[in-house]
Amino acid sequence: MRTPYTSLLLVGLGGLFAGVTGPLLSAFVPLLVRDALGEQRTAIGAVMAIDNVLLLLLVPWAGAASDRASARGRGRLPLVLSGLVLASVGMALFPFSARFGLVGLVGAIVVLYSGINLQRSPFQALMVDLVPSRFRSLANGSVTFQMCVGAIVFLMLGRMLGMRLAFLIAAGAVLAIAGAFALGLREPAVSESSAAEATFRSLLEAAMSAARGVVPGMRAIFVASLLLQLTFQTFTTWYALHGTERFGVRPEDVSLGFIAWAVGGVIGALPAGVIGVRIGRRNAMLVGFGLMAVCLLALDRVTQASQAVPLLALASACWTLPTVNAYPLFVEPIPRQRRGVLAALFLLCMALSGAMGDPLNGGLFDLFGGYRPLFWMMTGYTALAFVAVLFVPRGAGEAGTGPDSAPPSVLSD
């Protein structure tokens, strides 16, 4: 089967969207909220929680809605495009929203994060609908690669051009991604009679089925994915504090570690997809977790921040192996009519790790009296994830084992 390079490039633009929006929001939203509210930390926390509230509401709703739309022949793409356009409007409005006080700021945040969360689960399901089973790891590799590239480029733009211009450029980039999707993506037709009605109840039923282990390996892959995200969340939240305390350097110098992680993601993402195709998704994840644990242990032994930079890039390149292959492994046995709901469940599982990770890690750092054990903790999470993958039966979730292992080409070249 010929590799669908155009398909992989277009689908990867969903990752570029995350790379364009995510870093700018992380860098500038807290500052703008603080400027609007002053040092009212409880109020700042409440405003910052809007994203999580919208995620919990819109990700499952949009996943179920995309299944219904697909069943009725309308497809998932209109929901994805709606989310992109709404996010673009929010990105354009956000830098100016503080002029209208707290109401304007909250309104812009609601518009922006509504768009981001509206497209998440439909896009994940759409990616699987569009890409033949064999190439789904490569597709997810393209998503991760473009996400990391976008993060690097737009972080640099934010530093060079300032918040306002960077957000306007990002808004234009998001609209361009929506245009590329509208022109390039062609969803396959589906028979109404073969598609089940998707509702919130179906999401709960899917969660219960996963917990009971009805689908072989699904419970284990949920646990592994949760621990993978927990490892990543531990680094992104706590490395700055760890680095300044351990190495005695300025926060600006610690930021090199985050850049190194993004560069490692760029280097590793596409090879991780190729490796998943060649040796299997389960094996690729095991190799990635094993190598990542070795890198994290080495990071615990370095004595200077400059020595940590290449190891962080290598750890990130290893991180791409499970990151790129986990979702294709999870979604392979899922029939098309249930993909939106199950994609939402997968995303909520990842969000759960973020919600529980910061309090858990904060408690551990209090117990140890400092941030020094950061990489030991990350190694522990990685080792547990390795063990979880061992419980995925051999052959489960691999390419060609699902209900539509060889769909026709559905993208216009």
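**Close-up views of a helical model**

View 1. With a relative accessible area of 3%, S97 counts as buried (under 20% relative accessible area; exposed is over 50%, and partly exposed is in between, with a 1.4 Å probe and protein chains only). This is a predicted model, in which local features need pLDDT of at least 70 and side-chain atom pairs count only at pLDDT 80 or more, while totals for chains, interfaces and linings use all residues. Residues are numbered from 1 along each chain as its sequence is written, and side-chain values use heavy atoms, with hydrogens and water left out. You will find S97 in the loop between α4 (77-93) and α5 (101-130) (helices are DSSP runs of H or I, at least four residues; strands are runs of E, at least two; numbering starts from the N terminus). Leaving aside residues up to four places away in sequence, S97 touches L32, G104, L105 and A108 (contact means heavy atoms within 4.5 Å).

View 2. From its first C-alpha to its last, α4 reaches 24 Å with 17 residues, close to the 24 Å expected at 1.5 Å a residue (the expected span is 1.5 Å times one less than the number of residues). Buried residues in α4 include L77, V80, L84, A87 and M91.

**View 3. Helix α3, bent and largely enclosed.** Of the 22 residues of α3, 17 are buried, so the rest of the structure largely encloses this helix. At L58, α3 bends by about 25°, and the proline P60 follows within four residues (the bend is the angle between axes fitted to the seven residues ending there and the seven starting there). The end C-alpha atoms of α3 (residues 50-71) are 31 Å apart, in agreement with the 32 Å it should span. After α3 comes G73, whose phi is positive, near 90°.

**View 4. Y239 in the largest nonpolar core.** This core has 108 residues, and F181, Y239, L312 and F330 have the most contacts inside it (a nonpolar core is a set of buried Ala, Val, Leu, Ile, Met, Phe, Trp, Tyr and Cys residues joined through side-chain atoms within 4.5 Å). Domain 1 (1-186) and domain 2 (197-394) both give residues to this core, so it lies between them (the bounds come from an automatic or database domain assignment). Among the residues that Y239 touches, not counting those up to four places away in sequence, are F247, F258, L312 and F375.

**View 5. The whole chain, for orientation.** The protein chain has 14 helices and 0 strands. Buried residues make up 54% of its 413 residues.
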